[in-house]
Amino acid sequence: MEYLHRAQGRFRFAWPILLTLIFHAPLAAEPLPLPDGEVVLVIDGAIARTNIDGEARFDLAMLQGLAAHAFTTDTPWHEGPQRFEGVLLSALLEHVGAASSSFKAEAIDDYTVTFSGIDLQRYPVIVAYRHGGEPMTRRRLGPLRIVMPFDDHPSLRTHVGKALSVWQLLRMRVL
Amino acid sequence: MGVRTGLHVTITVSALAALAAVVMLLVVVVQMNDAHDMLERDGVLEFNFVHQTLHALGEFSLAAMSLRAASPGQHQAAMQELLLRYDVLYSIVTLPPNWASSVLDGEGAQPLFQRLREFTLALEARMTPEAAWTGQQLDGLSRTSLTLSGGVYEIGNEIFQRKAALRDALAGRMDVLIGLFWFFGALFLLAGLSLYLSMAHALANAARSAHEADTARHQLASALEALTDGDIARKARNRFLAAATHDLRQPLQAMQYYLAALVLHVPLPEGRELLERIGRTTHSAQTMLTGLLELSRLDAGVLVPHRSAVDADELLQRLVEEFAVEAGERSLTLARLGRAGWTRTDPQLLERVLRNLLANAFAYTERGGVTLGARRTERSTLLIEVRDTGIGIPERELETVFNEYQQAENALRNGAGLGLGLSIVRRLTRLLGTPLTVDSEPGRGTRFELTLPAIPAPAMPSDAPAGDEVDPSPLERLVVLVIDDDAGVREGIAMLLRQHGCQVECAFDIDEALARLVESELAPDLLLADYRLPNGRTGLEAIDVIRDELNDDVPALLVTGDTTPALLGEARKRRVPLLHKPIDARQLFREMDAAMRSRRADGASDGSGP
């Protein structure tokens with residue numbers, strides 16, 4: 001645990017740039033629909049749109065209802081290029097009326113990392129829900145996973161870029 | 001030379017230092033790149049992997065223990081937790097093996113990871129919500145995962161210690177590299193600066209050298225120009241002229257007087273012939289000085305032509321007669337061709353032009369002869385030409401032939417003088433506004449041609465002087481006061497004048513002149529004063545003082561060796577006739593006669609006036 005704190009501290013201070021999104025006022029007023037199926041993602045913190053208990057809870061169908069974005073890239077965790085499909089992180093944050101593009105990400109395996117310092121308007125980072133055309137199980141690092149377009153944007157292929165590629169994503173706390 | 005060598009060494013050393021610095025900087029950059037690559041591999045992925053594996057094992061162990069202790073009501077939730085933790089563990093161990101092994105490359109890491117993988121995959125079939133687990137089995141799961149967790153912890157520790165050591169080493173190496181980088185960077189800058197300064201210095205040197213060379217070239221060019229323009233010659237002439245007029249005239253003047261006086265005392269023909277030769281020699285010296293003097297006067301611009309109708313035929317005849325003697329002596333022909341008629345010009349100046357041209361023609365002619373021709377054209381012009389069959393003038397010298405001292409090589413040997421003749425001619429013709437042309441063929445001869453206006457013969461003959469002969473007899477009993485600080489000149493004049501019946505009083509300055517007047521109780525009929533007198537006084541002042549003392553405008557003549565334009569101008573203004581040394585006896589008597597005539601004419605007009 002000590003290593004974790006050291007690492008987080010390092011990333012937080014190494015990448016202190018916060019980017020602010022501009023929100024649409026009408027969107028902010030409108031509440032999110034309620035999830036029908038199993039909740040796979042919870043967004044809380046500085047957000048304008050919620051559905052349950054001040055949180056924005058999503059089932060897979062809700063996420064798949066948002067505009068999809070897909071790309072193929074090599075990653076350090078797989079052999080050969082892989083195709084990922086999901087929702088743009090920028091679109092997701094906008095969807096919940098997030099006050100910033102920085103958030104604390106938590107995973108099923110208790111991995112936590114502060115996501116910041118990446119210009120989401122410039123880099124199409126996605127919250128992927130399909131890998132190789134298939135929905136992802138927990139055993140295959142799913143059901144949700146932050147994926148960076150490393151091949152299209154080699155400048156993302158850094159330690160930070162890799163550390164921010166959170167798999168088994170569970171919760172986002174917008175800062 | 002020392003400076004140049006030093007500069008050379010500085011430039012070489014600087015260039016070598018800069019080169020060495022660049023090479024070393026390249027080495028340092030390569031080393032830094034290596035270090036950077038090593039750091040690149042020392043990333044957060046290993047950390048995350050080790051940490052997450054450790055965490056997943058711990059959580060799996062905890063979940064197993066929780067399931068064992070769970071009440072039937074809690075069983076399902078505990079079972080779900082166990083499955084979740086298993087899934088996480090599964091997801092880790094099923095990551096591509098080459099990636100894991102590249103991350104966990106430490107000693108013992110591979111076998112441990114292999115065990116972990118086997119442990120996890122062996123459980124796969126039983127990891128369902130429906131599976132029934134005994135307490136013993138769950139204890140086993142928990143224990144095994146804790147054991148593995150301990151192994152992973154050690155591996156992690158080992159990795160981090162290794163990384164720490166690597167980081168320390170890299171940090172040390174980076175320190176050295178950064179130190180080297182600064183050192184060689186500074187060296188490069190210093191060498192560059194030194195090189196720049198040296199280059200600037202060398203450039204400045206080169207520029208200065210170029211400038212000096214340029215200056216030298218210009219000086220040489222202007223010197224050459226001066227040489228070809230005769231500027232140097234002119235300056236030398238001016239200095240020579242000053243010296244010559246100053247130093248040569250006094251003794252020459254005295255000698256002229258003595259010679260004239262001596263003739264009466266030499267009874268033998270041999271002696272007279274000798275005297276004649278001495279006279280000729282003196283005369284030729286006088287001619288040269290006169291030439292110099294004439295040039296000087298022409299340059300001074302004090303000569304104003306007095307034009308009148310001139311019987312050119314009479315003038316040409318006189319000149320032919322004058323030069324006939326020389327032609328006869330040298331067996332050359334002298335012919336006069338054509339009729340000139342009358343022209344309008346300054347007779348004296350025209351005579352001097354022609355005399356100079358004739359003298360020049362004779363000087364350069366060894367065989368054949370000289371022709372003095374005249375003809376009138378329809379456009380009422382008179383052309384007078386002087387033609388010789390002499391050595392001629394090369395075409396390239398036609399332009400410079402009128403320059404002072406310009407003369408043919410062999411002319412000096414012929415004793416033709418200083419080569420002033422043609423330059424005097426040029427000045428005189430310019431003064432007269434008379435075009436002068438020259439054409440020549442080397443070896444065949446030269447032809448000078450003057451263009452003058454032709455006018456009809458006047459009804460009355462011009463009142464030209466009847467002749468040069470001046471009878472000295474009217475000067476008898478004339479009382480002359482001679483003022484000259486040079487005893488030789490003074491006594492020479494005195495002797496000459498006494499022989500011609502004058503009564504002479506001598507004085508060497510103004511005070512003595514006044515004393516003489518009182519002493520002799522004689523009023524002088526004529527004053528003859530040297531211009532330059534002792535104590536900075538002048539002959540003009542002497543004339544003024546004496547006239548004042550006598551209360552009479554006694555005729556006066558000013559004698560001078562000085563040719564400065566200021567003096568000439570002043571004498572001219574004061575209407576005092578100016579005689580330039582050397583003066584020959586005839587000239588002196590002529591001027592004296594003229595002065596006395598004008599005195600008598602004035603007296604007559606005064607007498608007849610109202």
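In chain B, five strands form an open sheet with parallel pairing, in the order β9-β8-β10-β11-β12. Strands here are DSSP runs of E with at least two residues, and helices are runs of H or I with at least four, numbered from the N terminus. Two strands pair if DSSP finds at least two bridges between them. The edges of the sheet are β9 (503-507) and β12 (578-580) of chain B; each has a single partner strand, so one side of each is left without a neighbour in the sheet. On average, neighbouring strands of this sheet are turned by 20° against each other, direction ignored. Axes are lines fitted to C-alpha atoms, for helices over the stretch in contact, and angles run from 0 to 180 degrees between N-to-C directions.

This is a predicted model, in which local features need pLDDT of at least 70 and side-chain atom pairs count only at pLDDT 80 or more, while totals for chains, interfaces and linings use all residues. Residues are numbered from 1 along each chain as its sequence is written, and chains are lettered from A and ligands numbered from 1 in the order in which they are written.

Within the sheet, strand β8 (residues 479-483) of chain B runs parallel to β9(B), joined by five bridges. B:Leu481 has B:Glu505 in β9(B) as its bridge partner. Helix α12 (residues 487-499) of chain B lies across β8, β9 and β10 (526-530) of chain B and runs at about 170° to β9(B). Helix α14 (residues 539-550) of chain B also packs on the sheet, where it touches β8, β10 and β11 (556-560) of chain B, and its direction makes about 150° with that of β10(B). Touching means contact, with C-beta atoms, placed from the backbone, within 7 Å.

Elsewhere in chain B, strand β7 (residues 445-455) pairs with strand β3, with strand β5 and with strand β6. The table lists these pairings.

| Strand | Partner | Sense | Bridges |
|---|---|---|---|
| β3(B), residues 342-345 | β7(B), residues 445-455 | antiparallel | two |
| β5(B), residues 381-388 | β7(B) | antiparallel | eight |
| β6(B), residues 436-441 | β7(B) | antiparallel | six |

Opposite residues can be named for each pairing. B:Trp342 stands opposite B:Ile455, B:Leu383 stands opposite B:Thr451, and B:Thr437 stands opposite B:Glu449. β6(B) and β7(B) form a hairpin with three residues between them, and B:Gly443 in the turn has a positive phi of about 85°.

Chain B as a whole has 16 helices and twelve strands. Of its 610 residues, 30% are buried. A residue is buried if 20 or more other C-beta atoms, placed from the backbone, lie within 10 Å of its own, exposed if 12 or fewer, and partly exposed in between. Among contacts in chain B between residues at least 6 apart in sequence, 76% join residues at least 24 apart.

The expected span is 1.5 Å times one less than the number of residues. Helix α5 (residues 109-122) of chain B has 14 residues and should span 20 Å, which agrees with the 20 Å between its end C-alpha atoms. In α5(B), B:Ala109, B:Phe113, B:Leu116 and B:Thr120 are buried. They lie on the same side of α5(B) because they cover an arc of only 60° around the axis, the arc being that of the directions from the helix axis to the C-beta atoms. B:Pro111, B:Glu118, B:Leu121 and B:Ala122 are exposed on the other side of α5(B). An α-helix has 3.6 residues a turn, so residues three or four places apart point the same way.

Helix α10 (residues 347-363) of chain B has 17 residues and should span 24 Å; its end C-alpha atoms are 24 Å apart, which agrees. α10(B) is mostly covered, with 13 of its 17 residues buried.

Helix α9 (residues 312-329) of chain B contains B:Leu319. B:Leu319 counts as partly exposed because it has 19 C-beta neighbours inside 10 Å. Not counting residues up to four places away in sequence, B:Leu319 touches B:Leu354, B:Arg355, B:Leu358 and B:Leu372. B:Leu319 and B:Leu354 are 35 residues apart in sequence, and their C-alpha atoms are 8.0 Å apart.

Chain A also has an open sheet of five strands, in the order β2-β1-β10-β5-β6, with mixed pairing. Its edge strands, β2 (56-59) and β6 (112-115) of chain A, each pair on one side only.

For chain A the mean pLDDT, the predictor's confidence in each residue from 0 to 100, is 84, and 83% of the residues reach 70 or more. Over residues 1-28 of chain A, pLDDT stays under 50. Where pLDDT is low, the predicted coordinates should not be read in detail.

Technical notes: Contact = placed C-beta atoms within 7 Å.
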